[in-house]
Amino acid sequence: MRVQSKTPLMKKYGNSSYWLSDWEDDDIVVSTMDSYEKKSHDIYKLAASKRAISNFVNIVTNDQIPVTFNTRGDSYTNGKSVVIGSNVVEPKDFDIAVGLALHEGSHIKLSDFNLLHDIYNLVPSYVKDGAVKKGVGSPISTIKDIWNVIEDRRIDNFVFKSAPGYRDYYRAMYDKYFNDPLIDKALLSDEHTEESVESYMFRIINLHNKNTKLNKLNGLKKIWDLIDLKNIGRLKSSQDTFELAVKVFEAILENIPSANQSQSESNQNGENGEPQNGEGQGAGSNEPREMSDEEFEDFSDQMAGSSPMSGDTDSQPMGGSSMEVQNLPENMDGETPTESTPPTKANDTVKLSDRQKELLQKKIQKQKDFMDGEVTKKKITKKESEELNAVEESQSELKTVGDGLTNMYGNPIGKTQCVLTKNMTRSLMETSSFPISDKWNLREGHEGRCSKEVADGIRIGTILGKKLQVRGEDRSTIFNRQKHGKIDRRMISALGFGNENVFQYMETDSYKKANLHISIDASGSMSGPKWSKTMTNVVALCKAVDMIQNLSIQVSFRTTTYAGSEKPYIVLAYDSRKDKFSKIKQLFPYLCANGTTPEGLCFEAIMDEFLSANNDMDSYFLNISDGEPYFSTSGGFWYSNQPAFEHTRKMVKKIEAMGIKTLSYFVEDYAYSDEPPLGFKTMYGKGARKIDVTNVAQITKTMNQLFLEK
């Protein structure tokens with residue numbers, strides 16, 4: 001919604017500040033990226049934009065309308081989904097994209113597209129015959145264009161009145177596609193003042209512009225009255241809009257000359273078709289003069305400073321709109337014109353130069369394309385589209401982490417962005433953006449590298465689950481012959497013998513709910529036996545938990561993205577609260593270790609996903625890793641040694657502050673001592689343990705004991 005604060009964030013992100021606050025650190029991070037990194041970075045921003053815009057459309061339309069990005073061969077709104085451009089990774093593009101998506105989403109909700117399919121049969125024969133007599137060769141197309149103009153105003157009025165908080169997104173869209181200094185100048189000049197279909201359409205398209213002059217064309221005032229923008233809400237359907245479009249077209253036909261008249265007037269006016277007596281529509285008493293390029297630039301600057309869509313006023317300019325609400329821009333109120341445009345000279349009437357006329361035609365075409373739903377949209381390749389959909393489906397997003405980090409000398413090292421993926425999917429694992437999957441075997445349907453380990457884990461987990469099933473059992477004990485409690489009917493007869501101990505009470509012994517979050521170091525050094533043994537035991541725990549009602553488990557893997565686009569990366573691969581165990585059987589065999597060790601940076605990114613302990617639930621955090629933290633980027637971000645130890649320890653303390661019991665295992669090929677490295681102990685404190693790869697099953701045994709504690 002609208003944000004009134006004029007903070008630097010507000011200035012940068014406009015009306016999207018509330019939704020895009022997580023982009024606040026963009027410039028700092030992105031400025032260090034090369035083109036390859038930027039492309040990878042934009043995929044996540046694009047996915048975030050798509051999710052946010054989808055929410056906007058669904059809220060306003062109260063319908064689940066799909067929002068898609070433009071790909072090759074798909075550059076229009078088809079009446080069922082909203083298609084938007086892919087260049088909305090920058091904040092300046094977001095307001096426009098939201099406005100366009102709301103506009104097209106409202107079309108889907110309110111417009112009857114089937115009406116246009118039968119438009120030829122719906123137009124009365126006498127109207128088509130009248131068009132032929134006037135030399136209008138495409139009456140159906142013109143009526144369709146008029147319908148588009150009026151229908152746009154009708155549906156925009158719906159959003160303006162039903163969702164006032166979204167008005168500024170519409171203003172941004174209108175500024176992009178309608179409000180232009182050259183259009184303003186053309187409306188004030190003698191361009192398109194000859195009675196022709198093209199002239200009327202130009203003036204009708206821009207009726208909402210504050211510079212509209214109803215005396216520029218015969219019958220334009222009548223058309224203005226017919227459309228009645230201030231009361232456009234009276235039109236309740238596309239059928240109403242269509243009937244009005246036909247009436248407007250009839251008004252145009254009344255005022256354009258027939259083909260014979262046009263030829264006769266042309267001969268009287270001379271070679272150039274200009275009235276030889278110096279009189280003509282809109283000419284006034286002064287001879288039109290051509291505005292110089294310098295004057296035009298000054299004019300543009302002045303107009304840019306008072307955009308027709310910006311600012312609020314209670315004045316009643318000649319232009320008008322359906323958007324009759326409080327605090328509208330001055331071109332949207334809709335009555336008699338006022339002189340609000342800066343003249344070049346007193347009472348000057350100007351005309352456009354040839355260059356300006358050429359530019360004007362392009363801008364007019366841009367307006368027509370907008371009405372036809374043919375807004376130019378930046379295209380993305382099929383591969384990019386597949387990756388974007390996978391990123392969106394997996395709920396991947398960028399989290400800024402490491403703010404305030406310093407090196408060993410106390411100098412700031414900046415911050416970076418971590419990829420947080422909340423739902424590991426098969427389609428994501430097949431993309432180049434997912435760093436820890438055996439893509440070739442996955443795509444080809446071959447067996448994964450860890451298929452045996454996963455199968456072993458399921459077997460072990462089944463045995464463990466049977467042992468843990470006691471957690472799901474409630475044991476009740478009845479204590480009778482008590483002085484207090486509920487009366488025991490079987491003891492009532494004892495009251496006659498002076499026995500007062502005729503009461504009983506029941507105690508129920510049960511286990512609290514428990515949740516376990518396992519975070520696994522998936523860096524390259526974990527590959528080999530460490531990875532195999534770890535996978536077996538993690539799968540075993542997941543299988544056991546799947547068999548117990550009051551247990552839940554999440555498994556996350558942390559690593560880094562590929563060289564050239566380095567980011568810490570953490571993926572929530574499994575969550576027993578929402579995922580079926582079959583997900584582990586299908587996807588875990590294709591997971592592999594790769595990348596470096598960003599430790600605390602990943603913990604910081606996923607912090608909001610941890611489940612806090614409470615009176616009804618115990619919560620555990622189990623970390624498995626084999627190295628000290630290390631992560632760096634080509635932009636100079638360096639995360640290692642003591643600063644990384646201390647940052648990770650800070651994150652672990654935050655986890656513990658949530659009531660979560662932490663346990664961390666340092667895995668080595670051979671454990672020559674019982675103590676983990678000093679840096680590891682610094683990070684994980686009392687919960688730090690050390691085991692060799694042949695004894696990873698100790699993790700399962702330890703968790704088994706914890707689960708059976710009351």
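Helices (H or I, at least four residues) and strands (E, at least two) are DSSP runs numbered from the N terminus. This is a predicted model, in which local features need pLDDT of at least 70, side-chain atom pairs count only at pLDDT 80 or more, and totals for chains, interfaces and linings use all residues. Residues are numbered from 1 along each chain as its sequence is written, and side-chain values use heavy atoms, with hydrogens and water left out.

**Helix H7**
- Val127, Lys128 and Ala131 are buried in H7 (residues 125-133), where buried means under 20% relative accessible area, exposed over 50% and partly exposed in between (1.4 Å probe, protein chains only).
- The buried residues of H7 fall within an arc of 100° seen down its axis, so they line one face of the helix; the arc is that of the directions from the helix axis to the C-beta atoms.
- On the other side of H7, Tyr126, Val132 and Lys133 are exposed.

**Nonpolar core**
- The largest nonpolar core has 65 residues, and Ile143, Ile150, Ile227 and Val248 have the most contacts inside it; such a core is a set of buried Ala, Val, Leu, Ile, Met, Phe, Trp, Tyr and Cys residues joined through side-chain atoms within 4.5 Å.
- Helix H13 (residues 238-255) gives the most to this core, with nine residues.

**Sheet**
- Eight strands form an open sheet with mixed pairing, in the order S5-S6-S12-S11-S10-S13-S16-S17; two strands pair if DSSP finds at least two bridges between them.
- Strand S5 (396-406) and strand S17 (688-692) stand at the edges with a single partner strand each, so one side of each is left without a neighbour in the sheet.
- Strands S11 (residues 551-560) and S12 (residues 568-575) pair in the antiparallel sense over seven bridges, and Phe557 stands opposite Val571 in S12.
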